[in-house]
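Hello,

Please find the structure we spoke about below. My notes on it follow.

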Amino acid sequence: MSYFTFDLRETVKVAVMGREHLIPPTLHCQRKIKCYVLYFVTQGKLTLMVNDEPVELLPGDIYIFNRHDVQQPNETSDCEYFFVHFDGDKIEKHQGDYIECVRRKNLEFIKASPYSLERYDNFNISVRQHIQIKDKNNIDYLVEKFRGSALAKENSSIRRSFELCANFTAILIRLEKICERNVVSTKRESQTYNTVRKIADYINKNYNEDINGEMVEKLFSINYDYANRIFKGYLDVSIIRYRNERRIDRAKFLLSATEKSIEEISSEIGFEDKYYFSRLFTKLEGISPLAYRNK
């Protein structure tokens with residue numbers, strides 16, 4: 001499966017966004033494109049030869065052309081489509097297991113501390129080269145996004161250029177979400193992955209709660225031992241260890257950014273016993289909370 005990765009630590013540079021309506025006998029132009037180009041067909045059918053291979057695009061189809069692809073009209077086409085010409089040094093085309101790439105990135109992001117800049121090492125998105133979108137809500141969202149940028153009268157200011165790049169990035173993020181849902185994997189695999197993400201998301205939002213086996217079973221309708229096993233299989237730590245790590249991440253932030261006492265911090269992050277908190281902090285960080293604050 002062909003897909004592109006976009007490293008969002010670097011801005012995706014948009015040269016132009018527009019809208020085209022081909023009416024027979026007008027043909028699509030023949031060219032070797034110099035940058036990346038994205039098409040989003042909204043009406044009719046567009047047929048092209050791309051590097052001597054046929055490509056047929058129908059309403060709801062999105063296709064990303066690689067740098068230096070050669071486009072040739074295959075036949076006359078009566079169609080409408082939005083287009084984006086863009087570039088960037090950290091855009092790459094890949095062949096391989098798309099869903100594995102996206103899930104690996106998402107899991108690495110979940111593992112990282114929410115207070116660490118290291119999580120931005122996985123700040124990228126992946127989009128399939130050819131996407132077929134049938135959901136009306138997604139199509140309406142994309143049409144609105146493209147139309148707002150493609151039909152803008154003023155494109156020359158630096159602020160407008162930033163807006164174009166930000167708007168296109170939002171489109172790419174939406175496309176990754178669509179691609180992930182569209183890719184077929186086994187039902188069991190999808191369920192376990194989604195369960196792990198839901199548990200991790202819940203812990204990140206509620207790390208100071210008394211999260212235990214009974215709570216997990218009630219919230220996620222799953223046996224706790226099984227939940228713990230699949231959680232550790234994806235994230236390499238148990239559910240309780242993950243909760244404790246999120247608590248300690250918050251404690252580290254409070255120790256460095258506030259004057260709150262050890263007892264106050266311990267209580268805020270969910271520990272009733274400040275001595276147990278200190279022991280756990282030292283175990284995980286190799287240094288006591290007080291020493292961490294003073295270093």
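pLDDT is the predictor's confidence in each residue, from 0 to 100; helices (H or I, at least four residues) and strands (E, at least two) are DSSP runs, numbered from the N terminus. Over the chain the mean pLDDT is 92, with 96% of the residues at 70 or more.

This is a predicted model, in which local features need pLDDT of at least 70 and side-chain atom pairs count only at pLDDT 80 or more, while totals for chains, interfaces and linings use all residues. Residues are numbered from 1 along each chain as its sequence is written, and side-chain values use heavy atoms, with hydrogens and water left out.

On the sheet: three strands form an open sheet in the order β10-β1-β11, with antiparallel pairing (two strands pair if DSSP finds at least two bridges between them). β10 (91-95) and β11 (124-128) are the edge strands, each pairing on one side only. From one strand to the next the twist averages 25°. Strand β1 (residues 2-7) is joined to β11 by five bridges, and F6 stands opposite I125 in β11.

Two helices lie across β1 and β11. Helix α1 (residues 98-111) runs at about 165° to β11, and helix α3 (residues 158-182) at about 60° to β11. Axes are lines fitted to C-alpha atoms, for helices over the stretch in contact (heavy atoms within 4.5 Å), and angles run from 0 to 180 degrees between N-to-C directions.

α3 also packs against helix α2 (residues 136-150), at an angle of about 165° and with the axes 10 Å apart. α2 is therefore roughly antiparallel to α3 (angles under 35 degrees count as roughly parallel, over 145 as roughly antiparallel, 65 to 115 as roughly perpendicular and the rest as oblique). The residues of this contact divide into eight nonpolar, five polar and three charged (Ala, Val, Leu, Ile, Met, Phe, Trp, Tyr, Cys and Pro count as nonpolar, Asp, Glu, Lys and Arg as charged, and the others, Gly among them, as polar).

Helix α6 (residues 224-235) and helix α7 (residues 239-257) pack at about 60°, with their axes 8 Å apart, and are therefore oblique to each other. Y224, A227, N228, F231 and L235 in α6 meet I239, I240 and Y242 in α7. This contact has seven nonpolar residues, one polar and no charged.

Regards
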